[in-house]
Amino acid sequence: MTTCIILLPIFILLLLVGLVLGFFLFLVYDFVVPIMYMKRYPFASAWRYFLKIARSNKLEIFIYWIFKIILGMGISLVLLISLIPVGIVLAIIAIPFVAVGVGIYYLFKSAGQILMYSSLGIYGFIVFFFFIYLLSVIYVPVSAFFVRYSLEMLKKLEGR
């Protein structure tokens, strides 16, 4: 019981720190970094410029933040559901790679375990990063959408 009494304030403090840090990072990544990109300002100047814009647009920034959270949850759900067909396609693509791996196994099995396992390890490493690359190509448009969305919101706040 005393452990719960001690851990509860620590948990609440960590939650508050996480929320404040998360909101700060949201402001930096969604507004300050695009200002740095668009205006070619250093970080401090971009932060001051954003604060000047934010003073008159607090409600719009808050609504944008809430909408981005909701949109992020929706997109996460869609991406989670899309993992099933993507997984099936990747499994079909993986069949030749698995066949090559089995071939390496039986080819080097008689040559010795060290050569067999090192060959399979190198091959597995290459295949693993190939599939990571494929997944990133499939899901890059989602992250690009959020960058474009923050740039468009910044233009709206500037009154363009």
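Val17 sits in helix α1, where a helix is a DSSP run of H or I with at least four residues, numbered from the N terminus. With a relative accessibility of 47%, Val17 counts as partly exposed; that label covers the range between buried (under 20% relative accessible area) and exposed (over 50%), with a 1.4 Å probe and protein chains only. This is a predicted model, in which local features need pLDDT of at least 70, side-chain atom pairs count only at pLDDT 80 or more, and totals for chains, interfaces and linings use all residues. Residues are numbered from 1 along each chain as its sequence is written, and side-chain values use heavy atoms, without hydrogens and water.

Helix α1 also holds Val28 and Phe24. Here are the accessibilities side by side.

| Residue | Relative accessibility | Class |
|---|---|---|
| Val17 | 47% | partly exposed |
| Phe24 | 37% | partly exposed |
| Val28 | 9% | buried |

For Val28 and Pro141, the separation is 21 Å in space and 113 residues in sequence.

Now to the helix pair. Helix α1 spans residues 2-39 and helix α2 residues 43-55; their axes come within 9 Å and cross at roughly 110°. The axes are lines fitted to C-alpha atoms over the stretch in contact, and angles run from 0 to 180 degrees between N-to-C directions. The two helices are therefore roughly perpendicular to each other, a term for angles of 65 to 115 degrees. On the α1 side the contact includes Phe24, Leu27, Val28 and Phe31, while α2 contributes Phe43, Ala46, Trp47, Tyr49 and Phe50. Contact here means heavy atoms within 4.5 Å. By class, this contact has 12 nonpolar, no polar and 1 charged residues; Ala, Val, Leu, Ile, Met, Phe, Trp, Tyr, Cys and Pro count as nonpolar, Asp, Glu, Lys and Arg as charged, and the others, Gly among them, as polar.

Leaving aside neighbours within four places in sequence, Val28 touches Val33, Pro34, Phe43 and Trp47.

Aromatic rings come next. The whole structure has 18 aromatic pairs, counted when ring centres of Phe, Tyr or Trp (its six-membered ring) lie within 6.5 Å. Phe24 and Trp47 form a tilted pair, 5.5 Å centre to centre with 55° between the planes; stacked means under 30 degrees, edge-to-face over 60, and tilted the rest. This pair links helix α1 to helix α2 across 23 residues.

Definitions and conventions:
Parallel < 35°, antiparallel > 145°, perpendicular 65-115°, else oblique.
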